[in-house]
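Trainee: I would like to learn how to read a protein model. Could you take me through one, feature by feature?

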Amino acid sequence: ATCSEIVRDLKTKAMTSENSATRRLLSLMCDVVVELDREMCFTGHSPRADLKGKRLADFMPSNEERDRFEELLRDAAMSTENAVASSVPGAMSSTMRASE
């Protein structure tokens, strides 16, 4: 293995470990922890609900909030090359953060 492959493998292992630790911490603080893909669809199984393949926007309380959420994501995608991050108000004054 070349030096760059070794470095890449070490970075991948570190990132995997960090993601696992983050999920464990979130599980302690949150009722549900989910992962979203680039299209803002749920990617995995949640023990409390079958969400895989459903869009996050489908759970917005109103069409107005859904449209605003999708607009913010489009604007963020256009204004940043590799990262998308938007915060929008959710139900019961919560804030949902979407990032890629």
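Mentor: Start with the elements. Helices (H or I, at least four residues) and strands (E, at least two) are DSSP runs, numbered from the N terminus. In this structure, Cys 41 sits in the loop between α1 (3-29) and α2 (63-79). This is a predicted model, where local features need pLDDT of at least 70, side-chain atom pairs count only at pLDDT 80 or more, and totals for chains, interfaces and linings use all residues. Residues are numbered from 1 along each chain as its sequence is written, and side-chain values use heavy atoms, leaving out hydrogens and water.

Trainee: How many helices and strands does the protein chain have?

Mentor: There are two helices and two strands. Read from the N terminus, their order is α-α-β-β.

Trainee: Is Cys 41 buried or exposed?

Mentor: Cys 41 has 14% relative accessibility, so Cys 41 counts as buried. Cys 3, by contrast, is exposed at 60%. Over the protein chain, buried residues make up 17% of the 100 residues.

Trainee: How many disulfides does the structure hold?

Mentor: A disulfide is a pair of cysteine sulfur atoms within 2.5 Å. The structure holds zero.

Trainee: Which residues does Cys 41 touch, leaving out those up to four places away in sequence?

Mentor: Contact means heavy atoms within 4.5 Å. By that rule, Cys 41 touches Glu 35, Leu 36, Gly 53, Lys 54 and Arg 55. Look at Arg 55: from Cys 41 it is 14 residues away in sequence, yet 4.2 Å in space, C-alpha to C-alpha. Now take the protein chain: among contacts between residues at least 6 apart in sequence, 14% join residues at least 24 apart.

Trainee: What describes a pair of aromatic rings?

Mentor: The distance of the centres and the angle of the planes. Rings of Phe, Tyr and Trp (its six-membered ring) pair if their centres lie within 6.5 Å; planes under 30 degrees apart count as stacked, over 60 as edge-to-face and the rest as tilted. This structure holds one aromatic pair. Phe 42 and Phe 59 form it, edge-to-face, with 5.7 Å centre to centre and 80 degrees between the planes. Both Phe 42 and Phe 59 lie in the loop between α1 and α2, 17 residues apart.

Trainee: How accessible are Phe 42 and Phe 59?

Mentor: Phe 42 is buried, at 7% relative accessibility. Phe 59 is partly exposed, at 46%.

Technical notes:
Buried < 20%, exposed > 50% of the residue type's maximum accessible area, 1.4 Å probe, protein only.
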